[in-house]
Amino acid sequence: MKWLLLIIAGLFEVAFATCLGKAKESTGNETTFWYIGFLICLSISMLLLVKATQQIPIGTAYAVWTGIGAVGTVLVGVVIFKEPATFWRLFFITTLIASIIGLKLVSH
């Protein structure tokens with residue numbers, strides 16, 4: 001259950017980064033709504049991370065949380081914000097995914 005909370009926390013990290021990107025692109029009241037979404041997603045992500053670290057070692061939990069956020073944010077950047085999907089970007093994202101899986105496999 002704690003691993004599921006950690007994964008969801010990572011997904012909310014992707015959401016708050018996405019809100020920042022959308023706020024940068026928007027104007028007027030829409031910007032305010034994206035910043036409110038950022039604060040909500042940030043709060044949920046942190047609360048779930050705190051819950052997960054009650055049973056998962058902090059070093060592992062933090063690395064997995066930031067890894068999920070990094071991978072997800074790069075994918076959102078490529079798909080939504082039309083950032084480049086170069087070979088090296090995809091190569092290093094793949095190695096990051098492998099590292100996250102490795103941490104899960106060696107954790108108790």
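Visitor: What share of the 108 residues of the chain counts as buried?
Guide: This is a predicted model, and every value here is computed from it. Buried means under 20% relative accessible area. Of the 108 residues of the chain, the share that counts as buried is 35%.

Visitor: Which pattern does the chain follow, read along the sequence?
Guide: The secondary structure comes to 4 helices and 0 strands. The C-alpha trace spans about 50 × 35 × 15 Å along its principal axes. Read along the sequence, the pattern is α-α-α-α.

Visitor: Among contacts between residues at least 6 apart in sequence, what percentage joins residues at least 24 apart?
Guide: Contact here means heavy atoms within 4.5 Å. Among contacts in the chain between residues at least 6 apart in sequence, the part that joins residues at least 24 apart is 72%.

Visitor: Which element gives the largest share of the largest nonpolar core?
Guide: This core has 16 residues, and those touching the most other members are Trp3, Leu6, Leu49, Ile56, Ala61, Val64 and Trp65. Two or more residues come from each of α1 (2–25), α2 (29–52), α3 (58–79) and α4 (87–106). The largest share, 6 residues, comes from α3.

Visitor: Which residues does alanine 61 touch, not counting residues up to four places away in sequence?
Guide: Alanine 61 is among the core residues that touch the most other members. Leaving out residues up to four places away in sequence, alanine 61 touches Leu6, Leu49, Thr53 and Ile56.

Visitor: Is threonine 60 buried or exposed?
Guide: Threonine 60 lies in helix α3. Apart from neighbours within four places in sequence, threonine 60 is in contact with Trp3, Leu103 and Ser107. The cut-off for buried is under 20% relative accessible area. Threonine 60 has a relative accessible area of 13%, so this residue is buried.

Visitor: How are α3 and α4 oriented to each other?
Guide: Their axes are 10 Å apart, and the helices pack at an angle of about 150°. Angles over 145 degrees count as roughly antiparallel. The orientation of α3 and α4 is therefore roughly antiparallel.

Visitor: How many nonpolar, polar and charged residues are in the contact of α3 with α4?
Guide: α3 passes α4 in a left-handed crossing. On the α3 side the contact includes Thr60, Ala63, Val64 and Gly67, and on the α4 side Arg89, Ile93 and Leu103 are among the residues. By class, the contact of α3 with α4 divides into 12 nonpolar, 2 polar and 1 charged.

Visitor: How many nonpolar, polar and charged residues does the contact of α1 with α2 have?
Guide: The axes of α1 and α2 come within 8 Å and cross at roughly 160°. That angle makes α1 roughly antiparallel to α2, and α1 passes α2 in a left-handed crossing. By class, the contact of α1 with α2 has 19 nonpolar, 3 polar and 4 charged residues.

Visitor: How far apart in space are glycine 21 and alanine 52, C-alpha to C-alpha?
Guide: Glycine 21 is in helix α1 and is buried, with a relative accessible area of 17%. In sequence, glycine 21 and alanine 52 are 31 residues apart. In space, C-alpha to C-alpha, they are separated by 27 Å.

Visitor: What is the phi of lysine 82?
Guide: Lysine 82 sits in the loop between α3 and α4. This residue is exposed, with a relative accessible area of 67%. Although lysine 82 is not a glycine, its phi is positive, at about 55°.

Key:
Residues numbered from 1 in each chain as written. Predicted model: local features only at pLDDT ≥ 70, side-chain atom pairs only at ≥ 80, totals over all residues. Heavy atoms only, no water. Core = buried A, V, L, I, M, F, W, Y, C linked by side-chain atoms within 4.5 Å. Buried < 20%, exposed > 50% of the residue type's maximum accessible area, 1.4 Å probe, protein only. Axes fitted to C-alpha atoms, helices over the stretch in contact; angles between N-to-C directions. Parallel < 35°, antiparallel > 145°, perpendicular 65-115°, else oblique. Left-handed = near helix turned anticlockwise from the far one by under 90°. Nonpolar A, V, L, I, M, F, W, Y, C, P; charged D, E, K, R; others polar.
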